[in-house]
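Please open the structure in a viewer and follow the stops below in order. Each stop names what to select and then describes what is found there.

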Amino acid sequence: MDFSKLYLSFYPKLVRFATVFVVYEEDAENIIQDLFLGLWESKESLKYIENMNAYMYKLTKNKCLDHLKHQMVKDRFIVSTQSLYEQEISLKLQSLDNFDVELASEERVEKIVTKAIDSLPPKCREIFLFSRYDGLKYKEISDKLNISVNTVETQMCIALKKLRNTLSLQLN
Amino acid sequence: MINLVAKYLTGELTSEEKKLFLLSVAEDKTLRDELAEFDQLLGHLSLLPQKDDELKAQKSLLNFLKDIDTKKERE
């Protein structure tokens, strides 16, 4: 695959994936830029990769794990007691370590996730999409839909629970 | 507790609430496992393409190639 095509098709989703696990979007962007820099330097060997999707997610996972481990060491060095950030990255490290990138890179997973979101009740889905993909805060969603913040909160809980249950049934 | 988990995942907790939440997570294995399950969910949700992906990627690629050129010139 041509390098530019590879960049265009993977950059946004890899940043999104990395952001889930490294806490800050800026860190995620740097990690993925660094990943592409490595690929650029060895771009001649890209043609030998059979499953590009699995390869890219595996690289991203490893880069994020390295970043989290490095942050933990750095944080311990700076603050002697366990900080809030260290607790958070320790949780993320555990979650990412358990994340099956081979499974996630299968084409069927995207369809299963889409179907799971589509199966949410309409209002619940709308609220979930505003929050997850448009990055709106609960207050902004409540203003937009003219509903209370409590309703947004309740619907988000319903959405997350339903999606977790559906996906864990279908993916495990 | 699901309310707090949802608010944590969506960045709705204040820093004080987040501190208390993470303290309870550290002390409660069930909650830790639950949070890990939600992280798996978010990981899967991140796979879906979004409407501004193309634009973001094009912008980022331009900057990336510009940085490579600058680096080459310096060398």
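**First stop: a helix of chain A**

Select helix α6 (residues 107-118) of chain A, which has 12 residues and reaches 17 Å from its first C-alpha to its last, close to the 16 Å expected at 1.5 Å a residue. Helices here are DSSP runs (H or I, at least four residues), numbered from the N terminus, and the expected span is 1.5 Å times one less than the number of residues. This is a predicted model, in which local features need pLDDT of at least 70, side-chain atom pairs count only at pLDDT 80 or more, and totals for chains, interfaces and linings use all residues. Residues are numbered from 1 along each chain as its sequence is written, while chains are lettered from A and ligands numbered from 1 in the order in which they are written.

Within α6(A), colour V113(A), A116(A) and I117(A), which are buried (20 or more other C-beta atoms, placed from the backbone, within 10 Å of the residue's own; exposed means 12 or fewer). Seen down the helix axis, the buried residues of α6(A) fall within an arc of 95°, so they line one face; the arc is that of the directions from the axis to the C-beta atoms. On the other side, E107(A), R108(A), K111(A), K115(A) and D118(A) are exposed.

**Second stop: across to chain B**

Next, show α7 (122-132) and α9 (149-171) of chain A together with α3 of chain B, against which the buried residues of α6(A) pack. Now select both chains: 34 residues of chain B are in contact with 40 residues of chain A (C-beta atoms within 7 Å). On the chain B side, α3(B) gives the largest share, 12 residues.

Note on methods
Two residues are in contact if their C-beta atoms, placed from the backbone, lie within 7 Å. Helices (H or I, at least four residues) and strands (E, at least two) are DSSP runs, numbered from the N terminus.
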